[in-house]
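Hi,

Here's the structure I said I'd pass along.

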Amino acid sequence: MAYDIDMIKKVYSQITERVDKAREVVGKPLTLSEKILYAHLWDAASNKAFKRGEDYVNFLPDRIACQDATAQMALLQFMQAGKKKVEVPTTVHCDHLIQAKQGAVKDLKRANETSNEVFDFLGSVSNKYGIGFWKPGAGIIHQVVLENYAFPGGMMIGTDSHTVNAGGLGMVAVGVGGADAVDVMAGMPWELKFPKLIGVKLTGELNGWTASKDVILKVAGILTVKGGTGAIVEYFGEGAKNLSCTGKGTICNMGAEVGATTSTFGYDDSMERFLRATNRDDVADAANGVREYLTGDDEVYANPEQYFDEVIEINLSELKPHLNGPFTPDLATPISEMNVKAKENDWPINVDWGLIGSCTNSSYEDLTRAASIAKQAVDKKIKPKSDLGINPGSEQIRFTAERDGLLQIFEDLDATIFTNACGPCIGQWDRSDRKGEEKNTIVHSFNRNFSKRADGNPNTHAFVGSPEMVAAIAISGRLDFDPTRDKLMNEDGEEVMLEEPQGIELPTRGFEVEDAGYVEPRKDGSGVVINVAEDSERLQLLTPFKPWDGKNLMGAKLLIKADGKCTTDHISMAGPWLRYRGHLDNISNNCLIGAINSFNMKANFVKSQITGDYAGVPDTQREYKAKGIPTVVVGDHNYGEGSSREHAAMEPRHLGVYVVLVKSFARIHETNLKKQGMLGVTFDKESDYDLIKEDDTFNFIDLEDFAPGKPITIEVVHADGSKDMIKANHTYNENQIEWYKEGSALNLIKKANA
Ligand code: SF4
């Protein structure tokens with residue numbers, strides 16, 4: 001379980017030297033975000049004043065964390081890299097594949113039966129390659145990271161968008177795709193566009209019913225779901241110091257909901273308290289030694305407008321509790337206005353479920369504040385009107401909460417204690433009370449509330465609030481309940497009010513756990529055998545993609561010309577396909593099934609140039625592959641936007657698509673295509689998109705001269721024999737052309753390690 005104190009000390013010795021140098025180079029005081037970024041440059045000598053929002057920069061993160069759903073493909077790829085061990089400390093956390101249904105004991109048992117194969121695989125790969133393994137039930141990745149690995153001033157990447165949670169302990173922590181994580185595991189740099197910076201100045205102090213969660217609910221309302229895109233949100237001010245470390249984690253966690261690259265806070269006493277409470281005195285001592293480097297310069301926070309690209313100010317003393325939703329996390333409504341707004345929008349008033357926990361809100365403080373409300377319901381004889389479910393964030397939290405009687409309080413209200421795992425937060429919820437698509441309302445303390453996310457029902461109206469507010473609303477059973485104003489009727493027919501929540505920041509008797517669920521990898525894992533059954537439907541070992549034969553690509557057929565938006569969800573759908581994330585061939589059956597064919601405006605219905613028949617994209621493509629016919633996918637603007645999942649590039653590659661030709665790419669997807677050895681090119685003249693016909697054949701007549709900055713000429717042969725010559729541009733540099741030549745970036749790494 002051990003964090004690496006030597007590595008942390010090395011980072012701290014580096015941070016002093018590099019930050020001082022960066023301040024000189026940049027020529028002005030630095031924000032915390034800049035300090036961490038400059039301290040983690042891959043090549044310290046490349047230190048220059050990077051342009052925010054423009055320059056792509058190579059970094060060397062300190063840690064990597066992967067969750068079970070994304071780790072499968074990441075580790076399958078890493079196994080190809082020819083490395084004996086990961087180059088950067090890495091952990092794997094089994095948390096997404098556990099369905100919430102009957103409560104922790106039964107649910108965990110069932111998950112261990114149904115996903116046993118995947119957990120075994122992840123465990124043995126971790127053991128072999130020096131990766132720390134957190135078993136199913138050990139907890140949710142981000143809570144476990146906060147309690148064990150996060151450290152002020154560090155940089156980490158994780159194959160999950162809420163990796164940003166570690167900003168609560170002063171990190172720059174970013175969610176990435178598996179391919180990026182594999183690069184870093186294999187000893188390569190991690191590339192990121194130097195982010196813009198949004199400063200959030202917090203003044204005052206939280207009070208009454210207002211919680212840390214309300215800070216980010218408010219920020220989400222201001223910035224909206226896109227407002228943080230490409231930026232780091234840095235919190236500062238007296239108000240920030242008044243928040244607990246885990247409260248800061250909650251705020252950073254939901255920074256993902258405003259699209260931010262990440263969010264962070266400067267090192268302060270709350271972080272020191274948390275480090276010491278989680279048995280990391282040595283980290284706290286080391287951090288204290290470089291304290292001024294672990295927060296922004298005084299001048300920056302005194303005149304933030306001069307140093308941030310945007311500044312927001314929030315007075316915590318005046319902040320009101322909010323509920324955000326439904327269907328989007330940025331629709332912020334103060335609790336006091338919910339009665340009017342719910343009526344206006346026809347949101348169902350009766351609340352079916354209140355769900356507390358997830359990686360966002362399952363700290364000791366969260367549970368004590370929510371329990372203080374639940375206890376009042378028991379003491380005042382108020383029978384809760386909604387069902388209540390609790391997902392502790394880690395076994396350490398669960399064990400400590402049980403020891404301190406917190407879980408008993410919830411159980412006294414008939415709450416279901418689910419496994420220490422994601423459960424309803426990621427749709428892993430077999431909801432017993434409603435099936436089908438009935439309109440209903442739930443409230444939860446999670447982060448995301450998109451349609452269908454919790455239970456698959458598009459008509460479930462999910463609202464996000466603080467754990468204590470969720471508890472209060474679940475007890476009242478009403479969405480429009482405002483505990484500061486409204487009374488409740490108890491079992492004796494008396495009207496009673498709920499008093500303000502009371503929380504305890506950290507357990508006075510310390511954290512305790514019997515079995516945290518951690519498995520330390522072997523020092524020498526060379527003898528560990530990885531077993532993947534040939535007939536497994538969940539896992540498949542990868543076969544290296546074939547290198548380029550060095551010749552022009554001739555006779556390629558059009559597979560699909562996608563119309564309009566084509567995101568990674570259109571290319572590789574999520575939902576039920578989550579199950580196949582570790583089996584490239586099986587998950588390839590969702591390849592491009594969401595893309596709209598521009599010739600008939602239907603999804604998953606394309607013409608085969610072999611038979612002339614129309615069929616699904618994967619089946620049609622498999623026919624081409626079987627006959628050795630290369631194919632081309634044509635797309636519109638911003639092709640591949642959305643998630644960074646590498647499946648969207650690996651699937652077409654696996655099925656035999658050679659080229660993706662579009663008006664423009666989403667950058668991460670373009671990089672993913674390059675990494676997987678695909679040719680990703682853009683129309684020089686966007687209007688050439690209109691020249692492409694359903695029966696076209698493509699000849700890439702000067703691919704043999706593939707070189708940086710040199711456009712590629714494509715001869716497009718139409719069914720009637722007429723031809724168009726079009727020019728396509730690309731952004732491959734020398735190294736990326738080597739990836740293409742070798743068949744993939746991994747093949748190149750493997751060659752280097754041979
Ligand atoms: Fe993601 Fe929810 Fe799990 Fe957190 S609890 S890691 S947001 S699925």
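Before the notes, one term: two residues are in contact here if their C-beta atoms, placed from the backbone, lie within 7 Å. Also keep in mind that this is a predicted model.

Let's start with Leu 355, which sits in strand β14 (residues 351–357). Leaving aside residues up to four places away in sequence, Leu 355 touches Gly 389, Pro 424, Ile 442, His 444, Phe 446 and Val 470. Leu 355 has 29 C-beta neighbours inside 10 Å, so it counts as buried; the cut-off for that is 20 or more. Its C-alpha atom is 9.1 Å from that of Cys 425, a residue 70 places away along the chain.

Next up is Pro 652, part of helix α22 (residues 647–655). Pro 652 also counts as buried, because it has 27 C-beta neighbours inside 10 Å. With residues up to four places away in sequence left out again, Pro 652 touches Cys 591, Val 633, Val 657 and Met 678. Between the C-alpha atoms of Pro 652 and Gln 676, 24 residues apart along the chain, the separation is 9.8 Å.

Last, a helix pair. Helix α3 (residues 68–78) packs with helix α5 (residues 116–129) at an angle of about 50°, and their axes are 10 Å apart. That angle makes α3 oblique to α5, and the crossing is left-handed. On the α3 side the contact uses Asp 68, Ala 71, Gln 72, Leu 75 and Phe 78, while α5 brings Val 118, Leu 122, Val 125 and Tyr 129. By class, that contact has seven nonpolar residues, one polar and one charged.

Cheers

Definitions and conventions
Residues numbered from 1 in each chain as written. Predicted model: local features only at pLDDT ≥ 70, side-chain atom pairs only at ≥ 80, totals over all residues. Axes fitted to C-alpha atoms, helices over the stretch in contact; angles between N-to-C directions. Helix = DSSP H or I, 4+ residues; strand = E, 2+ residues; numbered from the N terminus. Parallel < 35°, antiparallel > 145°, perpendicular 65-115°, else oblique. Left-handed = near helix turned anticlockwise from the far one by under 90°. Nonpolar A, V, L, I, M, F, W, Y, C, P; charged D, E, K, R; others polar. Buried ≥ 20, exposed ≤ 12 C-beta atoms within 10 Å, placed from the backbone.
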